Amino acid sequence: MIKKLGFIVALCSSFLFFSPFVKAAEIQELTADELDYLYNELGFTEAQVNSLPASHLKDFVAGKAEVVSSFDEVYSFDENGVSTLAAIPSGDLSFSGNVLKINTSDVSGYNKFYAFANFRWLTHPAFNLTDKITIGFPSNLGVYFKTSNGNIVGHYSSTSMYNKSTGGSTQLASSTTPDKWQVGAGVASAHDLRTTLNASQFNEGTISQYFYIQTGLSGKGNAQFEYGHNRVVGSIGISIGSSVGLSITPSSTTDIRSYAASFNY
């Protein structure tokens, strides 16, 4: 019995030791040319490459994707929920993302796009609850999502634990189904923050979604990325409006960090 217990402990220890490299192992599915395109043509960081499925990354390369909008910001939270934008080490949350246009489409008559955002906590928030991210589109943009069996497809989200001392990430959960969605308005993801962290460990995560716009249309469009964090016990609400699409519901106990991306279509 003792020998069996020792084997189980060793097995668990082995998993914990290697788990930060699970996502990195998936990137081995990419060729040197594919990685070159992602890093040098799209300007992706290693963290961004490691956060997305290899199948999506391969699709970007095969479809000659181009970045049409990007952002990279650091926010600091204060007791009143007011954000101070500053790219400084004392910031609480990094929030970055891109909108890509993929120049080959799998939907006839529609141009293909991809929106994604990454977050990483730079501190340990007082409350480790379920945070949410939304990607919202205004109704006049006419965004189309592919569907299957009554659900939106082309979605991916994940929650991970980043280890600052090793530079590796341990994926805790992932989903190909949005937490909330509304046809033409956007998608939301939910991220259960880990409560037991040491000084080197930080919560991080990703949301991404394929979307389509009719090829006969042209102009400028917007996508609104929002991160919602509750400072007390409770759930984060999701709202739907014609001007911004899906978004975090304002609340006196919810910190909301927003970014409005602009892109040509």
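Val-232 is partly exposed, with a relative accessible area of 35%, where buried means under 20% relative accessible area, exposed means over 50%, and partly exposed lies in between (1.4 Å probe, protein chains only). This residue sits in the loop between β13 and β14 (238–241), the strands being DSSP runs of E with at least two residues and the helices DSSP runs of H or I with at least four residues, both numbered from the N terminus. Together with Phe-127 and Val-233, Val-232 makes a nonpolar surface patch of about 270 Å². Such a patch is built from residues with over 30% relative accessible area and no salt bridge, nonpolar side chains (Val, Leu, Ile, Met, Phe, Trp, Tyr) being joined within 5 Å and like charges within 9 Å; a salt bridge is a side-chain nitrogen of Lys or Arg within 4 Å of a carboxyl oxygen of Asp or Glu. The areas come from the Shrake-Rupley method with a 1.4 Å probe, and for residues only the protein chains shown count as cover.

The model is predicted, so local features need pLDDT of at least 70 and side-chain atom pairs count only at pLDDT 80 or more, while totals for chains, interfaces and linings use all residues. Residues are numbered from 1 along each chain as its sequence is written, and side-chain values use heavy atoms, with hydrogens and water left out.

Strand β13 is largely enclosed by the rest of the structure, because nine of its 11 residues are buried. The table gives its pairing with two other strands, where two strands pair if DSSP finds at least two bridges between them.

| Strands | Sense | Bridges | A bridge pair |
|---|---|---|---|
| β5 and β13 | antiparallel | five bridges | Ile-135 and Phe-225 |
| β13 and β16 | antiparallel | 11 bridges | Gly-221 and Phe-263 |

Phe-225 and Phe-263 also belong to the largest nonpolar core, which has 27 residues, and they are among the members that touch the most others, as are Phe-95, Phe-119, Phe-137, Phe-211 and Tyr-227. A nonpolar core is a set of buried Ala, Val, Leu, Ile, Met, Phe, Trp, Tyr and Cys residues joined through side-chain atoms within 4.5 Å. The strands that each supply at least two residues of this core include β5 (130–136), β13 (220–230) and β16 (254–264), and the largest share, five residues, comes from β4. A second, separate core of 19 residues includes Val-49, Leu-52, Tyr-114 and Tyr-210.

Asn-98 lies in strand β3 and counts as buried at 6% relative accessibility. Leaving aside its neighbours within four places in sequence, Asn-98 is in contact (heavy atoms within 4.5 Å) with residues including Phe-44, Gln-48, Tyr-114 and Phe-225.

Trp-181, found in strand β10 (residues 180–182), counts as partly exposed at 33% relative accessibility. Beyond its neighbours within four places in sequence, Trp-181 is in contact with Gly-150, Ile-152, Gly-186, Val-187 and Leu-246. The C-alpha atoms of Trp-181 and Leu-246 are separated by 7.6 Å, although these residues are 65 residues apart along the chain.

In helix α5 (residues 54–62), the buried residues are Ala-54, His-56, Leu-57, Asp-59, Phe-60 and Val-61, and just after α5 Lys-64 takes a positive phi of about 50°.

Taken as a whole, the protein chain has five helices and 16 strands, and 45% of its 265 residues count as buried. Among the contacts in the chain with a separation of 6 or more, 72% come from residues 24 or more positions apart.
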